[in-house]
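Ready for a few exercises on sheets and helices? Have the sequence and the structure open, try each task, and then compare your steps with the worked solution.

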Amino acid sequence: MLPPNWLGDAVMAQPAMRAIAAHHRGEAPSMHGRPRPRRLLPYLDPGDCRFGESMPAAERAYLFPNSIGSAWRALKAGCRQRIGYRGQWRRPLLSRALPRRLDLRHQHHRLVYLDIPAQLGMAVDKTEVVLVHPPGEKEAGMALMADKGLDPGRAICVAPGAQFGGAKRYPPEAYAHILGWLAREGWQPIVLGVEAERGIGEQVLARVAGPAWNAAGQTRLCQALQLASAGRLMLCNDSGFMHVAAGLGIPTVAMFGATDPARTSPSGAHVRLLYEPAACSPCLARECSVTGQPCMANILPEAVYEACLAMLSP
């Protein structure tokens, strides 16, 4: 199996990949991905699947990415049957090109991925995402927190970026107010993200008086996942970290604006989504073209703060 390349999509595809792995139980199924999603694979609980980088020759390859490159990769590896959705000019490279019966523009991404095993007649026992803590990962995250002088029992994770584009980002100045209020309650924020988001991390921590860590760009993805798994809360935009934390059962508060919760909301028992759409939302754009980004401005920092406190209460 080849998972989607984006972190959040890989999580949303988990129920479908789990169904395929269960269907081929006893045949030593394996998962292969590019470096970023590959770090996530142990969290996906895919049963007896093995993990790897290079795709070997196999009887079947299930392709979750929609790109022509993924189909070419499977063909080049010598996979006899290459199964995935048609499109992206790759139909000649697939031995079984599935029709897209659900529309990503209107249906939840998780259901679109689940339609792959459904079209192949496979049993699907679980349709929600349920991730697992790989052995030692949560403990490693707590050790990273302690090394930075943070109390793991009071540490909360914040993911204020969104690699898709700025339209998905809640304003840094609003985050700063929220984190300042939470810090006064004794909570210690850790900012997760890539190097390009380090400046955003500095902005959101501007009002925090007390222990905090801007880990954006300072950790590898495997360490960021460890921190997320050990945090008491995940405060974030619609992003990959949102799906990871929610799937692990960590209390998650997420702000939606340009995207639609009906299409990309996370699975999880402890999730609070804040969505106050403007007339122009969901626009699904990478960058906002409306002055003031009203879909995000409609979500008051006070409402986010109260949601966080409710999630953090015993």
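**Exercise 1.** Work out in which sense strand S4 and strand S5 pair, and over how many bridges.

*Solution.* Start with S4 (residues 81–85): its pairing with S5 is parallel and runs over three bridges. Strands pair here if DSSP finds at least two bridges between them; helices (H or I, at least four residues) and strands (E, at least two) are DSSP runs, numbered from the N terminus. Then widen the view to the open, parallel sheet of three strands, ordered S3-S4-S5. S3 and S5 (96–98) each have a single partner strand, so one side of each lacks a neighbour in the sheet. Contact means heavy atoms within 4.5 Å; axes are lines fitted to C-alpha atoms, for helices over the stretch in contact, with angles from 0 to 180 degrees between N-to-C directions.

A note on the model: it is predicted, with local features needing pLDDT of at least 70 and side-chain atom pairs counting only at pLDDT 80 or more, while totals for chains, interfaces and linings use all residues. Residues are numbered from 1 along each chain as its sequence is written, and side-chain values use heavy atoms, leaving out hydrogens and water.

**Exercise 2.** Find the strand order of the six-stranded sheet.

*Solution.* The order is S8-S7-S6-S9-S10-S11, in an open sheet with parallel pairing. At the edges, S8 (213–214) and S11 (271–275) each pair on one side only. Further in, S6 (residues 155–159) and S7 (residues 188–191) share four bridges, and Cys157 is bridged to Ile190 in S7. Helix H7 (residues 172–184) packs on this sheet, touching S6, S7, S9 (234–237) and S10 (252–256), with its direction at about 175° to that of S9.

**Exercise 3.** Determine how the axes of helices H6 and H9 cross.

*Solution.* The axes of H6 (residues 137–147) and H9 (residues 221–230) come within 7 Å and cross at roughly 95°. The two helices are therefore roughly perpendicular (65 to 115 degrees). Among the contact residues are Met142 and Leu144 of H6, and Gln226 and Leu227 of H9.

**Exercise 4.** Why is helix H2 described as largely enclosed?

*Solution.* Eight of the 10 residues of H2 (residues 14–23) are buried, so the rest of the structure largely encloses this helix. Buried means under 20% relative accessible area (1.4 Å probe, protein chains only). The buried residues, including Met17 and Ile20, pack against H1 (7–12), S1 (30–32), S3 (60–63) and H5 (109–119).

Notes:
Buried < 20%, exposed > 50% of the residue type's maximum accessible area, 1.4 Å probe, protein only. Parallel < 35°, antiparallel > 145°, perpendicular 65-115°, else oblique.
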